Amino acid sequence: MTMTLTNTGLIDLADTTVREANATLQAATEGAFTLANPGGKHALACGLQHPVSVTIKGHCGYYAGGMNKLAEITIEGNAGTGVAENIMSGTVRVTGDASQSAGATGHGGLVVIEGNASARCGISMKGVDIVVGGNVGHMSAFMAQAGNLVVLGDAGPDLGDSIYEARIFVRGSVARLGTDCVEKEMRPEHLEFLADILTRAGMEADPTEFRRYGSARQLYHFKIDNAGAY
Amino acid sequence: MTDQSNPPGGTPRTTPVKSATFDDYTLSEIRRAAATGIYDIRGGGAKRALPHFDDLLFLGASMSRYPLEGYREKCETEVVIGARHAAKPLVLKTPITIAGMSFGSLSAQAKEALGRGANAAGTSTTTGDGGMTPEEREHSNKLVYQLLPSRYGMNPDDLRKADAIEVVVGQGAKPGGGGMLLGQKINERVAAMRTLPEGIDQRSACRHPDWTGPDDLEIKIAELREITGWQVPIYIKVGASRPYYDVALAVKAGADAVVLDGMQGGTAATQNVFIEHVGIPTLAAIRPAVQALKDLGMHRTVQLIVSGGIRNGADVAKALALGADAVSIGTAALVALGDNDPKWEDDYRAMGTTAGAYDDWHEGNDPAGITTQNPALASRLDPVAAGRRLANYLGVMTLELQTIARACGKSHVLNLEPEDLVALTVESAAMAGVPLAGTSWIPGQS
């Protein structure tokens, strides 16, 4: 089922199945690939586990770059639900907008959305760094456990609801903070971190324009007096 | 016997009557809630009396059909799970599997023992909400890896090590609820596996983070297959609530097998009110689920694995006769390992409970060393000996299952059928869709 491409080449999804394309990419241990005519297909370039480079020329459906390890994936277009879900390492970049649950549950690596991200961006994130050039939708960083969500635009309602130890940085406005999410002091190490990750994401922004949000840690244990918080 | 309520020469009194509505348990729970301000959290499944497999009986062979010789003629027990789409379906020597239970809720010793017991019986074990440990992979020849809403510990490497993947939509003890693990059990290792602060009260999500309905789930399953190369079966687990529709939608979403967990199915921890008042009994769930598979032409193509209150070979036989392909055990497996053993009675008493009733598994003080992360308590469980006990128990259940199947004239346990059964009560007849014993009446059907 794996195509004969060896560590480089063009895969045209107009005449190649998703299974064949993914099997080829998953088998490659290095090199650069281009996926042409993605046509909104789902689960493209998912489960990669080697340091290959993949450029997808167009819009993707759900779960593009899902569970990525080590690979550098660029989607030249928009991405559907769950782009880079559960990413472990490597980079997934979307030059357009991303639908719901971008970078959901990611454990590591970098997800860059150059446009806007929809609801639940970074939901349950577990260590991934996510940089969004535009806005993020409601319930972003919901139950976020670890990692960093950096938003250059605005954040929708209930940002960081029930957040654990993840950090959120927003340059624009926040419609409403979620339960147990509070604004925190921006210290020098945070400015340093922002300068670094913005550079890695290829974004231009002044770190001093951002505000930091994180957990108030008031809901880490069951207490009856917290019942009204939910 | 002297009637103490009417002493001779005294004024007659009526015997004190306790309310059936406000019984001793209810009163104690009201007092406990008033004193503590928190709902009751416990482990296990529904404890209330429910229509169950005991309400069904088998019709042994007689004039109209002949039995198989009990100790001579073969009665096959092997089942194959997940051949619909997977290149490598699971082949089990017995249709009794071990249900999902996490490292975290259980000690490492208990997880090892489950693997050892299942291996000896030729069946599978299942991870839980917290990921796969190297130890359980090592000790389980056939390991089912759960994909849960929390995604704690989820990673593609373990996904590819799994022999099957189980997408958990819900469980019988709490359909619509998420996982729970209180701080006493979130030690350093458990916290690291779940990327959580040590010692917090963990409350997992109840909805998956990246799909919201069966149409999305179909795409999610396609992604899982792409990551695992279409090699291993993918199950969908649902808590029993609307089994006809849930099973139909699971088939539509592309499941190779459906795990259906009734309200007697256990949990590591959740609210007692959830366990006892949400979901339906296992007995009531099987026939609608089987009907959904038959209506779609998928019965025996998509396997149905039933769990929730399976205790012995008769329960297994009845589940299979109603149309299941296999069963899962959780609570019973823990009891086989040593849970609630009377030999720890002094310890149970010290905690204000007794052997057989201990269900505060979330507190992590299990004297049997099973539902704990306390190293001293966990060391009480010898995983080799406990694994042997589980293997014995699985073997006995399988023999009991074969005994009943042979008596009904079946050369394979999957040949058991509803026509082999009758019900003892009107309720169980209606739920199971089999006649009330001694009649041809199936309530709701005839």
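These legends go with close-up views of a predicted model.

**View 1. Chain A and chain B meet face to face in this view of their interface.**
Let's start where the two chains touch. Chain A brings 36 residues to the contact, and chain B brings 38 residues. About 3100 Å² is buried between chain A and chain B, and carbon and sulfur atoms give 58% of that area. Look for A:Y63, A:M67 and A:F222: these three supply 24% of the area that chain A buries against chain B, more than any other three residues.

**View 2. Polar contacts and salt bridges link chain A and chain B.**
Staying at the interface, we can now look at the pairs that span it. There are 16 residue pairs in polar contact across the interface, with both residues at pLDDT 80 or more, and four salt bridges also cross between chain A and chain B. On the side of chain A that touches chain B, helix 1 (residues 18–27) of chain A gives the most, with four residues. Sorted by class, that side of chain A holds 17 nonpolar, 14 polar and five charged residues.

**View 3. A:E85 and B:R151 form a salt bridge.**
Here is one pair to find for yourself. The closest N and O atoms of B:R151 and A:E85 are 3.9 Å apart. B:R151 sits in the loop between strand 7 (143–147) and helix 4 (156–161) of chain B, while A:E85 sits in the loop between strand 4 (72–75) and strand 5 (91–94) of chain A.

**View 4. An open sheet of 11 strands runs through chain A.**
Now for the sheet of chain A. Follow its strands in the order 1-2-3-4-5-6-7-8-10-13-12, and you will find that the pairing is mixed. The edges are strand 1 (8–12) and strand 12 (181–184) of chain A, each of which pairs on one side only. From one strand to the next, the twist averages 15°.

**View 5. Strand 7 and strand 8 of chain A pair in the parallel sense.**
Zooming in on two neighbours, strand 7 (residues 126–132) and strand 8 (residues 146–151) of chain A are joined over five bridges. A:V132 stands opposite A:V151, which belongs to strand 8 of chain A.

Definitions and conventions: Residues numbered from 1 in each chain as written. Chains lettered and ligands numbered in written order. Predicted model: local features only at pLDDT ≥ 70, side-chain atom pairs only at ≥ 80, totals over all residues. Heavy atoms only, no water. Contact = heavy atoms within 4.5 Å. Buried area = accessible area lost by both parts, 1.4 Å probe. Salt bridge = Lys/Arg side-chain N within 4 Å of Asp/Glu carboxyl O. Polar contact = N/O pair within 3.5 Å; in protein donor to acceptor, adjacent residues only side chain to side chain. Nonpolar A, V, L, I, M, F, W, Y, C, P; charged D, E, K, R; others polar. Pairing = 2+ DSSP bridges. Axes fitted to C-alpha atoms, helices over the stretch in contact; angles between N-to-C directions.
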